[in-house]
Amino acid sequence: SSEPITGAVSTGTLTGSQSYTVTCNGAGGSASASATANVVAPVVTQYTVSTSAATAGGDTNGGSIYTSGSYTTATAYPSAGYHFVKWTDASGNTVSTANPYGITVTGNLSLMAYFASGDPLTLSLTANNIANSIIIAKATGVTLRWTVTGSPTSCTGSGSWTGAKAKAGGAQIMGQISANKTYILTCVNASGESVSSAVAVVISSTAFLDSSLSSTASVWNSVRTLLGF
């Protein structure tokens with residue numbers, strides 16, 4: 001009996017389908033075998049992203065055809081005297097208020113940019129002139145102050161206070177606070193823009209030195225008495 005003969009040959013890089021035949025000759029005759037290498041182009045899924053202005057007051061870019069999974073940005077450019085408000089999809093659902101707006105493309109997407117005239121709506125709310133949160137001693141007085149730009153049509157309190165608040169900004173004395181509070185203010189303008197700001201008032205678990213003590217001597221006497229000297 002004869003030993004089998006084996007071998008291998010590289011085809012190199014193929015750009016199309018190729019067929020190969022190997023023929024072996026021997027004392028008993030010849031034999032052939034064939035094989036075909038089929039080259040199949042990879043499937044690339046692409047989607048269309050389009051951007052446009054839904055209202056007067058600006059323009060957009062970022063629309064194109066993208067491979068699935070690509071990252072791109074849609075950018076809105078307000079005209080003079082206008083500001084960007086939001087992006088919506090083709091159904092009118094708000095997608096984002098960010099500008100530029102970053103997108104990972106996973107399907108066809110139509111983005112509509114909304115613009116409004118005048119200054120953008122902004123809001124700042126503080127407690128005792130401190131934003132975000134403040135730590136106070138129990139029964140300390142608190143005054144809330146807020147500033148607004150962008151001509152709101154209404155401002156409303158929620159959380160630990162309620163009711164309509166001054167649209168042009170203002171102040172409200174809340175009196176002495178003895179429990180943790182969170183004050184929220186929301187303002188809306190004629191274009192439907194909405195902005196909120198909140199400040200938390202936290203009662204400290206540590207006793208504060210009484211600020212009503214009127215002299216260094218009285219402070220020292222209080223400390224001396226407290227320590228038992």
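**View 1. Surroundings of Leu 144 in the predicted model.** Setting aside neighbours within four places in sequence, Leu 144 is in contact with Leu 125, Thr 126, Ala 127, Trp 161, Gly 170, Ala 171, Gln 172, Met 174, Tyr 183 and Val 199, where contact means heavy atoms within 4.5 Å. Leu 144 is also one of the residues that touch the most other members of the largest nonpolar core, together with Leu 125, Tyr 183, Leu 185 and Val 201, in a core of 20 residues. At least two residues of this core come from each of strand E11 (122–127), strand E12 (130–136), strand E13 (140–149), strand E17 (181–189) and strand E18 (194–203). A nonpolar core is here a set of buried Ala, Val, Leu, Ile, Met, Phe, Trp, Tyr and Cys residues joined through side-chain atoms within 4.5 Å, and buried means under 20% relative accessible area, exposed over 50% and partly exposed in between, with a 1.4 Å probe and protein chains only. The structure is a predicted model, in which local features need pLDDT of at least 70 and side-chain atom pairs count only at pLDDT 80 or more, whereas totals for chains, interfaces and linings use all residues. Residues are numbered from 1 along each chain as its sequence is written, and side-chain values use heavy atoms, with hydrogens and water left out.

**View 2. Trp 161 in the loop between E14 and E15.** Trp 161 is found in the loop that runs between E14 and strand E15 (163–165), and at 3% relative accessibility it counts as buried. Not counting residues up to four places away in sequence, Trp 161 touches Leu 125, Leu 144, Trp 146, Gln 172, Met 174, Tyr 183, Ile 184 and Leu 185. Trp 161 and Met 174 are 13 residues apart in sequence, with a C-alpha to C-alpha separation of 9.0 Å.

**View 3. The disulfide of Cys 155 and Cys 187.** The sulfur atoms of Cys 155 and Cys 187 are 2.1 Å apart and form a disulfide, a term that denotes a pair of cysteine sulfur atoms within 2.5 Å; by this rule the count comes to one disulfide. The torsion about the S-S bond of this pair is about 115°, so the disulfide is right-handed. The link joins distant parts of the chain, with Cys 155 in strand E14 (residues 152–159) and Cys 187 in strand E17, 32 residues apart. Both Cys 155 and Cys 187 are buried, whereas Cys 24 is partly exposed, with a relative accessible area of 49%.

**View 4. Glu 193, a buried residue without a salt bridge.** Glu 193 sits in the loop between E17 and E18 and is buried, with a relative accessible area of 11%. Glu 193 has no salt bridge, and the nearest side chain of opposite charge, that of Lys 86, is 9.7 Å away; a salt bridge requires a side-chain nitrogen of Lys or Arg within 4 Å of a carboxyl oxygen of Asp or Glu, and for charge Lys and Arg count as positive and Asp and Glu as negative, while His and the chain ends are not counted. The Glu 193 side chain does make a polar contact with the side chain of His 83 at 2.7 Å, and another with the side chain of Asn 189 at 2.9 Å. A polar contact is a pair of N or O atoms within 3.5 Å; within protein, one must be able to donate a hydrogen and the other to accept it, and residues adjacent in sequence count only if both atoms are side-chain atoms. Leaving out residues up to four places away in sequence, Glu 193 touches His 83, Val 85, Ala 116, Leu 121, Cys 187 and Val 188.

**View 5. Thr 60 in strand E4.** Thr 60 lies in strand E4 (residues 58–61), strands (E, at least two residues) and helices (H or I, at least four) being DSSP runs numbered from the N terminus. Thr 60 is buried, with a relative accessible area of 12%, and a polar contact of 3.0 Å joins its side chain to that of Thr 51. A polar atom of the Thr 60 side chain also lies 3.3 Å from the backbone nitrogen of Ser 52.
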